[in-house]
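Have a look at the picture first, then read on.

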Amino acid sequence: MDCTEEMIQILFQHQHGFLITKIMSTACELGVFDLLLESGGLLSSAEIAERLGTSHMGMQRLLEACVGLKLLRMERKDNEGFYGNTQLANLCLAKSSSRSQYQYTRLCSEFIYTSSQYLTKAVREGKHQVQLMFDTSEKDIYKNFSSSKEDIERFQGGMEDAWSLYGQDVICAFDLSSFNRVCDVGGGSDAFAKQYISLYPNSTLTIFDLPDVVERAKKHTVPSEEHQITFQSGDFLNDPIPEADLYILARILHNRDDENCVALLTKLHKACKPGGGVLVVETVLNEDRSGPLVAHIYSIIMLLCLDGKERTVSEYNALLGAAGFKDVQYKKGRVYDAVYGRK
């Protein structure tokens with residue numbers, strides 16, 4: 001059977017997908033999207049190159065590629081191209097945007113991209129390749145990130161970006177207004193917490209995470225929200241859990257194997273009073289494991305970096321049930337989904 005045009009296009013795009021990541025991240029890093037956002041109009045490739053301190057030829061090719069990827073728009077005047085941002089670039093790629101995904105794009109380019117060279121080995125061995133990625137004997141990826149201020153900033157920044165786009169989506173999935181005291185377990189920063197408080201302003205939220213993570217997060221906290229968002233240092237696997245009516249596990253369970261997930265959920269169940277709950281935020285696989293693609297991509301990242309995996313709704317039901325949670329409900333989101341259980 002001959003290849004159709006659509007099949008050929010899909011093949012080409014997948015073969016060169018790694019370059020698409022680099023084109024986008026390079027334009028972000030050089031400040032293309034911020035310059036065009038600030039300009040409020042169209043600029044020529046020569047002017048963009050001059051203002052950003054690059055070669056004209058190199059910048060022109062980068063801009064044209066961004067047009068092809070629908071990150072930029074172009075208008076031709078007197079046989080010269082003039083460039084401006086698309087709505088996507090203004091919203092997600094300009095560093096100055098309140099919903100910018102620049103840090104996550106950088107994380108993909110500088111860490112996930114380079115780590116993917118070990119995927120064949122990870123598939124063959126069925127285990128993560130953290131020691132090779134960091135050239136170290138330390139197996140814990142979080143300890144490796146924490147050993148460098150630059151690495152932890154890059155990692156935490158990338159994790160924070162998602163909530164500006166998807167936080168409200170999962171927080172609105174269920175009515176959580178009855179919970180006054182909330183604990184974001186392993187929350188990292190106040191990015192998710194701020195989204196939660198904006199929807200439930202009468203709640204207080206404690207972010208419980210490792211001391212170095214909390215220290216960094218406190219420096220980025222908006223002072224006006226200090227009375228509603230607090231921090232507590234500790235290891236949620238080994239230390240007592242703060243008292244709360246609702247516990248949030250946002251992108252925590254997919255990092256761990258089933259045994260550790262049940263242990264953590266059981267710990268939260270014991271800390272809960274009757275009527276308390278847990279909100280799990282993850283990308284959930286279809287029951288037949290056919291998708292969605294975002295879950296498969298995260299599953300590959302887990303294979304490379306951690307001992308966890310993405311799971312189906314029935315698998316999350318089993319984990320929460322084994323820990324004692326009942327009335328488990330599920331709501332699908334745009335990228336991240338919500339699984340909710342009560343004691």
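Which residues touch the most other members of the largest nonpolar core? Among its 46 residues, they are L176, Y196, L246 and L279. This is a predicted model, where local features need pLDDT of at least 70 and side-chain atom pairs count only at pLDDT 80 or more, while totals for chains, interfaces and linings use all residues. Residues are numbered from 1 along each chain as its sequence is written, and side-chain values use heavy atoms, with hydrogens and water left out.

A nonpolar core here is a set of buried Ala, Val, Leu, Ile, Met, Phe, Trp, Tyr and Cys residues joined through side-chain atoms within 4.5 Å; buried means under 20% relative accessible area (1.4 Å probe, protein chains only).

Take L176: leaving out residues up to four places away in sequence, L176 touches I171, Y196, Y200, L246, L279 and Y340 (contact means heavy atoms within 4.5 Å). Apart from this core lies another one of 25 residues, including I241 and L320.

Now for the sheet. Seven strands make an open, mixed sheet, ordered β6-β5-β4-β7-β8-β10-β9. Strands are DSSP runs (E, at least two residues), as are helices (H or I, at least four), numbered from the N terminus; two strands pair if DSSP finds at least two bridges between them. At the edges, β6 and β9 each pair on one side only. β9 pairs with β10 in the antiparallel sense over four bridges.

Two helices lie across strands of the sheet, with angles (0 to 180 degrees) taken between N-to-C directions of axes fitted to C-alpha atoms, for helices over the stretch in contact:

| Helix | Residues | Angle |
|---|---|---|
| α12 | residues 191-199 | about 165° to β5 |
| α14 | residues 258-271 | about 160° to β7 |

Conventions:
Buried < 20%, exposed > 50% of the residue type's maximum accessible area, 1.4 Å probe, protein only.
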